[in-house]
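I opened this notebook to record a search for salt bridges. Each entry states what I looked up and what I found.

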Amino acid sequence: MRASFVRIAQLVEEFGLENIGMPHVRHIQDKLWEMRLKGKDGISRALYVSTSGKRVVVLRVFVKKSQKTPGREIKIAMERAKEIEQ
């Protein structure tokens with residue numbers, strides 16, 4: 001999964017966030033986006049925001065065990081995003 005994360009991060013760096021889409025990244029809500037990671041151990045997600053300039057801040061990474069992204073993971077990421085804005 002780390003290799004998948006590094007590969008998607010390189011795609012973002014090379015092509016820009018606005019040019020990367022499914023299946024690599026997906027919009028969640030407001031400024032929150034998710035990187036969709038797959039590996040032999042399963043599926044995980046990295047929740048992130050894009051801040052001023054071309055900076056991307058990963059707020060939360062978790063192993064996904066259900067079809068839908070858990071609400072508590074989104075809540076934690078949104079709280080961390082608010083901390084970054086301040």
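The entries below concern charged side chains and their surroundings.

Entry 1. I noted that this is a predicted model, in which local features need pLDDT of at least 70, side-chain atom pairs count only at pLDDT 80 or more, and totals for chains, interfaces and linings use all residues. Residues are numbered from 1 along each chain as its sequence is written, and side-chain values use heavy atoms, with hydrogens and water left out.

Entry 2. I searched the whole structure for salt bridges (a side-chain nitrogen of Lys or Arg within 4 Å of a carboxyl oxygen of Asp or Glu). The search returned 4.

Entry 3. I looked up Glu34 and found its side chain in a salt bridge with Arg26, at 3.0 Å from N to O. A salt bridge also joins Glu34 to Arg36, at 3.5 Å from N to O. I then read the relative accessible area, where buried means under 20%, exposed over 50%, and partly exposed in between (1.4 Å probe, protein chains only). Glu34 is buried at 0%, whereas Arg26 is partly exposed at 33% and Arg36 is partly exposed at 24%.

Entry 4. I looked up Arg60, which forms a salt bridge with Glu73, their closest N and O atoms being 2.5 Å apart. This pair links distant parts of the chain, 13 residues apart: Arg60 lies in strand E4 (residues 56-64) and Glu73 in helix H2 (residues 71-85). Helices (H or I, at least four residues) and strands (E, at least two) are DSSP runs, numbered from the N terminus. Arg60 is partly exposed at 23% relative accessibility, and Glu73 is buried at 6%.
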